[in-house]
Amino acid sequence: MKREISSVQQMLEFGEALGAVLGGGEVIELVGDIGAGKTTLTKGIARGLGIDEDVQSPTFTISRVYGARDGLELAHYDFYRLSDPGVLRMEVDQTAHDARTVTIIEWGGIVKGVLPDDRLKITITSPSETTRHLEVEASGPLSQKALGVFIQ
């Protein structure tokens, strides 16, 4: 699925709509340059999961966890500053396979080996300062189900 986004508000709304259909166990890999809108999209997903907290980029803390609706959690990772995940490899592996957690990973190349094959991959490109192109790919039954419900 491809989508053009032309404002921060549209990115938040896109994320919120996606977050509203997530039920736990989904892994979302966000791919894009610095400033592409990965954290803004995550803020929208958090809204859709019923999270009222101010979602911030975990660039310096590597990970943040938020309590969500229906007993779910949102785990948000950002591996931009790491060349090796170290012990976080085990944490990501465990989190990504938890049926009560929605896991979002920015700069996931460093943990590719532990990410499940079944995940939503959202690639964000910036053809201009205000426009973003999103390409969403589902690679397994859980992610295909989420994407299918989302685009209806």
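**Cores and salt bridges**

Ile 122 touches Leu 18, Ile 28, Glu 29, Leu 30, Val 31, Leu 41, Leu 134, Glu 135 and Val 136, leaving aside residues up to four places away in sequence; contact here means heavy atoms within 4.5 Å. The model is a predicted one, in which local features need pLDDT of at least 70 and side-chain atom pairs count only at pLDDT 80 or more, while totals for chains, interfaces and linings use all residues. Residues are numbered from 1 along each chain as its sequence is written, and side-chain values use heavy atoms, with hydrogens and water left out.

Ile 122 also turns up, with Ile 28 and Leu 49, among the members touching the most others in the largest nonpolar core, which has 28 residues. Such a core is a set of buried Ala, Val, Leu, Ile, Met, Phe, Trp, Tyr and Cys residues joined through side-chain atoms within 4.5 Å. Buried means under 20% relative accessible area, exposed over 50%, and partly exposed in between (1.4 Å probe, protein chains only). Apart from this core lies another, of 13 residues, including Val 27 and Leu 88.

As for charged pairs, there are three salt bridges, each a side-chain nitrogen of Lys or Arg within 4 Å of a carboxyl oxygen of Asp or Glu. Arg 119 pairs with Glu 29, their closest N and O atoms being 2.9 Å apart, and both residues are buried. Glu 16 and Arg 47 meet at 3.8 Å, N to O; Glu 16 is partly exposed at 31%, as is Arg 47 at 38%. In the remaining pair, Arg 69 and Asp 70 meet at 3.4 Å, N to O.
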